[in-house]
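User: Hi! I would like to go through a model with you, one question at a time. Could you take a look at this one?

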Amino acid sequence: MGAGARERGGKRRTSWAPYLLTLPGTAWLFVFFAVPMATMFAVSLQEGSIETGYTLTWHWPTYAEVFDLYRLQLFRSLMYGLIVTLATLLISYPMAYWIARRGGRRKNLFLLLILLPFFTPFLIRTISWQFVLADQGILLGTLKDLGAVSESFKLLASPVAVVSGLTYNFLPFMALPLYVAIERLDPSLLDAAHDLYSSRATAFFKVTLPLSLPGVFAGSLLTFIPSVGDFINAEFLGSSTTTMIGNVIQREFLVNVDYPDGAALSFLLMAGILVMVFLYARSLGTEELTG
Amino acid sequence: MGAQQAEVGSRAMTAPAPARRRRRRREWFLPAFTGLVMAYLFVPVIVMALFGFNDYRGRFNLVWQGFTLEHYRNTFGIPELTESLTNSLIVAATSTVVATVLGTLVALALTRFSFRGRAPLNLLIFVPMATPEIILGVSLLALFVSVQVPRGMMTIIIAHIMFCVSYVVVTVKARTTGFDRNLEDAAQDLGATPWTSFWTVTFPLIFPGILAAAMLAFVLSIDDYVITTFLAGGTVTLPLWIYGISRFGVPAQVNVIGTLIFAIGVVYVVVSVLRSRRANAPPPVLTKG
């Protein structure tokens with residue numbers, strides 16, 4: 001009887017309540033996310049200049065022009081994103097595994113310790129890294145005093161500095177989904193593997209790793225996408241040889257005030273990301289990811 | 001099922017001794033590695049905190065010259081910095097309240113009703129989170145420029161609400177998905193109206209989730225540089241001010257404010273660990289999915 005009443009009650013409410021509840025949030029996202037995207041698409045097909053104003057002329061060649069001009073920065077960004085994703089995965093997996101499997105009652109404490117540094121503002125963290133990696137800073141200055149590296153050795157303004165800055169800043173986006181996926185794993189599956197005489201390595205590669213793939217996938221997206229689009233790390237830790245596509249887009253919009261070029265570059269960036277994510281999803285296999 | 005588990009457990013207990021010893025010997029690597037990574041995560045934080053106590057001369061706070069509490073006494077001695085912090089707090093507080101209300105309503109609808117249009121709605125919530133921040137920023141800039149809305153505090157708040165809503169929906173949904181509808185039915189069987197049962201049963205149960213979502217929205221908003229820079233006009237928020245001053249030497253007051261924000265994080269962690277130990281449940285911020 002109770003179930004019947006709930007069903008009827010549910011059905012009656014279905015008619016209008018969910019729409020009323022979702023309306024404000026949906027409207028906000030529509031007006032300030034979907035509409036701006038459409039606007040930017042229109043802008044990317046405009047011609048003109050800041051003085052004469054812009055008119056929509058469906059000028060598709062802009063895309064080819066900005067691709068020719070900035071493909072180096074675009075591919076560099078995608079490459080940095082790949083390296084960063086791989087580096088965060090290699091750093092986070094052993095840590096997430098240990099916390100999920102051996103953390104015991106202190107699991108939550110360890111996880112919160114991973115998150116804690118990220119309470120400090122993003123810009124301050126990045127400026128701190130700039131300071132740590134400086135030519136005569138606490139890291140290199142000390143190593144040079146000890147004679148461990150040569151006087152001319154540099155880290156700042158190199159691809160290594162940019163990639164390590166990105167790796168640092170996006171690490172928790174990889175670590176948390178990995179932890180959730182590994183923690184969810186039923187330990188008796190591993191016991192079963194051991195009972196069937198699999199070695200620890202085999203058990204890991206045949207049981208733990210495949211079952212944690214959804215976490216690997218989620219973490220990779222959450223790391224790859226923001227790091228490809230980032231321009232703060234390249235600005236504070238890099239040089240003109242590490243310029244990323246985000247730096248170019250920022251310059252087009254804020255310095256050159258060339259909105260069509262900036263808009264077209266933004267869509268090229270998204271296209272690049274979509275292609276990479278699609279290839280990645282296919283290589284992992286969709287069945288594993290939904291499991 | 002229970003018997004099966006017990007059997008598996010007992011077999012694991014009686015595993016041959018050499019295997020067990022090998023397992024124990026290998027165990028040092030993972031904890032040591034985890035410890036190293038955690039130390040690495042705290043490197044920039046320690047540097048930041050340390051140089052908030054540095055007694056430096058001139059503009060550049062780069063070399064350790066002695067200990068002082070002067071910057072803590074004089075935290076709000078730079079009017080522009082204080083103003084930018086105030087702006088950031090206004091933006092973060094407003095966007096947190098609005099985004100939390102909007103997002104919670106959507107999350108409730110998604111977990112408690114089945115209705116047409118769920119799939120496109122889920123997409124509309126997910127896609128902004130999977131879009132690089134810079135794209136969110138420049139597309140809003142393109143919109144505001146083409147409809148000739150002047151940029152300032154208002155446009156910053158609009159943008160912050162937009163990118164926080166999705167995170168609120170996801171966080172609150174994680175909390176409401178496991179919610180036991182029977183509790184509400186019980187309340188209604190005992191004569192409560194749907195309205196009463198919502199406020200006396202449902203809301204208190206999902207409140208920790210709402211609180212965690214609000215916390216997340218506040219942190220995302222107060223920390224945002226990328227989106228804000230495109231929409232700020234003449235309004236300067238804390239990250240924008242730090243960015244502007246970084247070329248001329250960051251004053252130690254920035255380190256102090258960063259350290260204070262970090263300290264709030266420490267308090268939050270301590271409280272949630274203590275609370276979860278008492279309730280024997282994971283802290284709300286981590287119950288994702």
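User: Is chain A spread out or compact by the globule rule, and what is its radius of gyration?

Analyst: Chain A has 14 helices and 2 strands. For its 291 residues the globule rule gives 19 Å, and the value for chain A is well over that, so the chain is more spread out than a compact globule. The C-alpha trace spans about 75 × 70 × 35 Å along its principal axes. The radius of gyration of chain A is 24 Å.

User: Which helix gives the largest share of the side of chain A that touches chain B?

Analyst: In this pairing, 72 residues of chain A are in contact with 75 residues of chain B. One helix of chain A, covering residues 17–44, supplies 19 residues to that side, the largest share. The residues on this side of chain A divide into 51 nonpolar, 15 polar and 6 charged. The helix asked for is helix 2 of chain A.

User: Is Trp58(A) buried or exposed?

Analyst: Trp58(A) sits in the loop between strand 2 (53–56) and helix 3 (61–102) of chain A. Its phi is near 50°, a positive value in a residue other than glycine. Most residues other than glycine have a negative phi. Because Trp58(A) has 8 C-beta neighbours inside 10 Å, and 12 or fewer is the cut-off, it counts as exposed.

User: Where is Gln148(B)?

Analyst: Gln148(B) is not a glycine, yet its phi is positive, at about 55°. With 6 C-beta neighbours inside 10 Å, Gln148(B) counts as exposed. Its place is in the loop between helix 7 (133–146) and helix 8 (153–177) of chain B.

User: Over which residues of chain A does pLDDT stay under 50?

Analyst: The mean pLDDT of chain A is 87, and 93% of its residues reach 70 or more. Where pLDDT is low, the predicted coordinates should not be read in detail. The stretch with pLDDT under 50, for which the model has 7 contacts beyond four places in sequence, is residues 1–14.

Key:
Residues are numbered from 1 along each chain as its sequence is written. Chains are lettered from A and ligands numbered from 1 in the order in which they are written. This is a predicted model: local features need pLDDT of at least 70, side-chain atom pairs count only at pLDDT 80 or more; totals for chains, interfaces and linings use all residues. Two residues are in contact if their C-beta atoms, placed from the backbone, lie within 7 Å. Helices (H or I, at least four residues) and strands (E, at least two) are DSSP runs, numbered from the N terminus. Ala, Val, Leu, Ile, Met, Phe, Trp, Tyr, Cys and Pro count as nonpolar, Asp, Glu, Lys and Arg as charged, and the others, Gly among them, as polar. pLDDT is the predictor's confidence in each residue, from 0 to 100. The radius of gyration is taken over C-alpha atoms; the globule rule is 2.2 Å times the number of residues to the power 0.38. A residue is buried if 20 or more other C-beta atoms lie within 10 Å of its own, exposed if 12 or fewer, and partly exposed in between; C-beta atoms are placed from the backbone.
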